[in-house]
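Subject: Handover of a structure and the findings on it

Dear colleague,

Please find below the structure that I am handing over to you, followed by an account of what was found in it.

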Amino acid sequence: MSDQPNAEQLRRAAEAKLARKPPAAIEMPLETLLHELQVHQIELEMQNENLRQSQFELEKSRDRYMDFYDFAPVGYLTLSESGLILEINLTGAGMLGVERSKLRYRRLTPFVSTDYHDRWLRHFMTVLGSREPQACDLAMMHDNGSTFFARMDCMRQHKAGSEPEVRVVMTDITDRIRNEEEIRKLAFYDALTQLPNRRLLNDRLDQAMAGSRRSLRFGALMFIDLDNFKPLNDQYGHDTGDLLLIEVARRITRCLREMDTVARFGGDEFVVLLNELDTGKEASVTQARHIAEKIRYALAEPYKLKSHEKLELEYHCSSSIGVVLFINHETRPDDILKWADMAMYQAKAAGRNRVIFFEQEKPSGLRTASRETP
Ligand SMILES: Nc1nc2c(ncn2[C@@H]2O[C@H](COP(=O)(O)OP(=O)(O)OP(=O)(O)O)[C@@H](O)[C@H]2O)c(=O)[nH]1
């Protein structure tokens with residue numbers, strides 16, 4: 001803004017000047033008076049022009065501010081103390097999928113995914129009670145029902161004589177969250193079958209063993225290796241082999257309860273983890289054998305596969321399964337895996353297509369495997 005006095009001030013100053021002047025001064029020649037008036041008029045016009053220019057600059061910077069506000073890459077919202085939307089920029093309205101004019105005085109909470117309502121309401125109360133900025137990540141609902149993730153940076157504003165308000169900067173973090181999920185998936189799941197991988201299996205085995213210690217129920221771990229899988233790859237190509245592995249994953253999963261885990265251990269090896277069987281060993285062996293046999297039957301059913309020449313082919317493939325029971329965290333996870341693997345090799349050696357249980361340590365200190373009939 002210019003330091004020039006405004007028209008009202010000039011008028012008052014001129015009147016004061018006139019009032020102060022002695023009558024003699026007023027009786028100056030008309031020509032001099034006219035000249036002085038003209039000079040004043042020019043000065044006034046120049047000041048007017050300055051004012052117009054300042055006004056113009058002010059409007060321009062307000063428009064620029066509105067552009068920054070409306071088209072910022074983040075949503076800006078002002079919420080009332082009760083969570084009503086008082087103001088929102090165009091980006092924010094776009095994120096919610098509703099025209100800005102229709103958002104005023106609507107609550108923000110219905111745009112937060114139901115699972116996140118509690119988190120949002122707790123966060124909002126914290127913001128109202130704090131002078132510091134507070135942030136939380138939420139799953140939000142677009143008006144069309146699709147979900148996006150947003151980081152909500154919130155700050156309470158409280159000017160004397162007015163109701164408190166909450167300023168919110170809403171940043172779309174969907175890509176970041178999806179990337180994190182993708183990275184987690186890559187780290188813990190097998191890309192071909194989408195089953196948990198070896199790393200996730202190790203976690204689940206730790207949990208199952210801790211659970212067994214609490215419940216004093218047996219758990220079981222099965223090592224499953226396909227028989228004669230290699231010839232399928234050799235004859236029809238890796239892609240056809242992949243199709244069989246995907247189908248194997250489906251068939252094993254169908255034999256299990258929700259609480260059990262099947263993981264792809266590598267190549268044509270799968271590991272099944274059964275939780276919370278029975279407190280008695282015999283009953284647990286019976287349950288584990290029942291499931292292992294179910295899997296063995298399911299995997300021995302013929303596979304209808306498409307070869308690399310798109311020809312449909314039927315392939316027969318059995319499995320060798322080694323099983324070990326565990327309880328009460330007595331053993332190390334590595335040993336459980338090793339013993340199940342040993343039992344599986346016993347099944348291979350005994351002619352394949354069978355289930356063999358690993359027998360716990362003998363009094364002699366020798367560990368052997370006992371064979372089950374195919
Ligand atoms: N298609 C496909 N093949 C794989 C993959 N990973 C490993 N393999 C192959 O799986 C085969 C596993 O070898 P083996 O277990 O020795 O083969 P097998 O014929 O089942 O032998 P036995 O277990 O003794 O009956 C090898 O040919 C590997 O190249 C994969 O992701 N996709």
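Two strands are taken to pair if DSSP finds at least two bridges between them. Helices (H or I, at least four residues) and strands (E, at least two) are DSSP runs, numbered from the N terminus. The model is a predicted one, in which local features need pLDDT of at least 70 and side-chain atom pairs count only at pLDDT 80 or more, while totals for chains, interfaces and linings use all residues. Residues are numbered from 1 along each chain as its sequence is written, and side-chain values use heavy atoms, with hydrogens and water left out.

I begin with strand 6. Ala 220 of this strand stands opposite Leu 274 in strand 8, and six bridges join strand 6 to strand 8 (residues 269–274) in an antiparallel arrangement. Strand 6 also pairs with strand 11, again in the antiparallel sense, over eight bridges; there Phe 223 stands opposite Gly 322. Eight of the eight residues of strand 6 are buried, where buried means under 20% relative accessible area, exposed over 50% and partly exposed in between (1.4 Å probe, protein chains only). In a regular strand the side chains alternate between the two faces of the sheet. In strand 6, Gly 219, Leu 221, Phe 223 and Asp 225 point one way, whereas Ala 220, Met 222, Ile 224 and Leu 226 point the other way, and all are buried.

Tyr 303 and Leu 305 form the covered face of strand 9 (residues 303–306), and Lys 304 and Lys 306 the uncovered one. Four bridges join strand 9 to strand 10 (residues 312–315), and the two run antiparallel. The bridge partner of Lys 306 in strand 10 is Glu 312.

Further strand pairs involve strand 5 (residues 165–172). Strand 1 (residues 75–80) pairs with strand 5 in the antiparallel sense over six bridges, and Ser 80 has Glu 165 as its bridge partner. Strand 4 (residues 147–157) pairs with strand 5 over eight bridges, also antiparallel, with Met 155 opposite Arg 167.

I turn next to the ligand. Which residues are closest to the ligand? They are Lys 230, Asn 233, Asp 242, Lys 348 and Arg 352, out of 17 residues that surround the ligand; a residue is counted if one of its heavy atoms lies within 4 Å. By class, this shell has four nonpolar, five polar and eight charged residues. Here Ala, Val, Leu, Ile, Met, Phe, Trp, Tyr, Cys and Pro count as nonpolar, Asp, Glu, Lys and Arg as charged, and the others, Gly among them, as polar.

An oxygen atom of the ligand is 2.9 Å from a side-chain N or O atom of Asp 225, and the distance to such an atom of Arg 264 is also 2.9 Å. For Arg 352, the corresponding distance from a ligand oxygen atom is 2.7 Å. The protein covers 69% of the 660 Å² of accessible area that the ligand has on its own (Shrake-Rupley method with a 1.4 Å probe; for residues, only the protein chains shown count as cover). Strand 6 (219–226), helix 8 (230–236) and helix 9 (238–254) are the elements that give two or more residues to the shell. Helix 9 gives the most, with four residues.

Two loop residues also deserve mention. Ser 318 lies in the loop between strand 10 and strand 11 (319–326) and is buried, with a relative accessible area of 18%. Its side chain makes a polar contact with the side chain of Asp 227 at 2.7 Å (a pair of N or O atoms within 3.5 Å; within protein, one must be able to donate a hydrogen and the other to accept it, and residues adjacent in sequence count only if both atoms are side-chain atoms). Asp 190, in the loop between helix 6 (174–188) and helix 7 (198–215), is likewise buried, at 14%. Asp 190 and Arg 264 are 74 residues apart in sequence and 6.7 Å apart in space, C-alpha to C-alpha.

Yours sincerely
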